[in-house]
Amino acid sequence: FRAEEPEDEGPTDPFRLTKEENEVVRSLQERISTSVDKKTQVVSLSVTMQDPLIAATLTDTVMLNLQNYITQYRTDKARHDLEFTQRLFDEAQGKYYAAQQRYAQYVDQNQALSRRSFRTEEERLQNEMSLAYSLYNQTAQQLQLARAKVQESTPVYAVVQPATVPSFKSFEDDDSRGVRVPGRGRCRGVAAFRTGVHRGVREKRELKGYMRNQPWSGLGIPYA
């Protein structure tokens with residue numbers, strides 16, 4: 001008999017973690033630390049791992065994920081408003097194009113007619129087209145404002161200290177007797193960046209939410 005192949009577990013469900021995944025999360029929470037300077041708006045973070053390359057790689061990955069989280073957090077309402085305005089614009093554009101097409105077809109088909117009924121229908125179609133254009137023009141302006149709002153809400157980051165591979169171990173591990181063992185220890189990767197939008201309290205709330213809800217999100221590197 002052929003051995004059964006393990007089923008593809010798929011992406012990790014953050015609402016239903018396995019025992020092993022919970023252990024990884026707890027370990028990462030202990031190894032990752034962050035702080036926010038309210039005055040300078042500098043977010044500092046450090047990651048402690050056994051391997052210096054993994055420490056630096058994970059530090060850089062956490063920094064990028066944290067920046068993406070802050071960006072999504074701050075632009076969430078503006079992006080939802082943009083999506084709603086885009087739908088209104090698309091609808092208004094479709095109605096205007098349809099009214100424009102109906103007016104053009106009617107005029108082309110009745111060019112030789114001079115009856116009053118023709119003129120009345122032409123005026124009605126023209127008024128519908130003008131009204132549709134007015135709404136289309138208004139939604140186009142609102143769409144531009146919504147796009148500008150998203151751009152305005154998007155923070156700009158400046159990396160103050162990029163993540164680099166540490167050249168020495170920051171901690172020495174103890175053996176079973178509690179004695180420090182040279183050469184066996186952990187390396188700490190550090191990084192810092194500054195955001196150019198808003199200040200202190202909001203950054204701290206975003207940072208706390210990120211570390212509480214998504215400490216493992218998108219890390220994608222081997223655990224050591």
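Predicted model: local features only at pLDDT ≥ 70, side-chain atom pairs only at ≥ 80, totals over all residues.

Biologist: OK. Is Gln 151 buried or exposed?

Modeller: Gln 151 counts as exposed, because its relative accessibility is 61% and the cut-off for exposed is over 50%.

Biologist: And how far is Gln 151 from Ala 78 in space?

Modeller: From C-alpha to C-alpha, the two are 8.9 Å apart, although 73 residues separate them in sequence.

Biologist: Let's zoom out. How many helices and strands does the protein chain have?

Modeller: There are four helices and five strands. Going along the sequence, they come in the pattern α-β-β-α-α-β-β-β-α. The protein chain has 224 residues, and 32% of them count as buried.

Biologist: Back to the helices. At what angle do H2 and H3 pack?

Modeller: Helix H2 covers residues 52-109 and helix H3 covers residues 116-153, and they pack at about 160° with their axes 7 Å apart. That angle is why H2 is roughly antiparallel to H3: over 145 degrees counts as roughly antiparallel.

Biologist: Which hand does the crossing of H2 and H3 have?

Modeller: The H2 and H3 crossing is left-handed. As for the residues in that contact, 22 are nonpolar, 10 are polar and nine are charged.

Biologist: Where is the kink in H2 centred?

Modeller: On Thr 75, where H2 has a kink of about 55°.

Biologist: What caps the N-terminal end of H2?

Modeller: That's Asp 51, which has a side-chain oxygen 2.9 Å from the backbone nitrogen of Leu 53.

Biologist: What about Thr 61, buried or exposed?

Modeller: Thr 61 sits in helix H2 and is buried, because its relative accessible area is 15% and buried means under 20%. A polar atom of the Thr 61 side chain is 2.8 Å from the backbone oxygen of Thr 57.

Biologist: Switching topic: where does Gln 41 lie?

Modeller: Gln 41 is in the loop between strand E1 (32-37) and strand E2 (42-49). Gln 41 has a positive phi of about 60°, even though it is not a glycine.

Biologist: And how does Gln 41 count, buried or exposed?

Modeller: Gln 41 counts as buried, at 12% relative accessibility.

Terms used
Residues numbered from 1 in each chain as written. Heavy atoms only, no water. Axes fitted to C-alpha atoms, helices over the stretch in contact; angles between N-to-C directions. Helix = DSSP H or I, 4+ residues; strand = E, 2+ residues; numbered from the N terminus. Parallel < 35°, antiparallel > 145°, perpendicular 65-115°, else oblique. Left-handed = near helix turned anticlockwise from the far one by under 90°. Nonpolar A, V, L, I, M, F, W, Y, C, P; charged D, E, K, R; others polar. Buried < 20%, exposed > 50% of the residue type's maximum accessible area, 1.4 Å probe, protein only. Polar contact = N/O pair within 3.5 Å; in protein donor to acceptor, adjacent residues only side chain to side chain. Bend = angle between axes of the 7 residues up to and from the residue.
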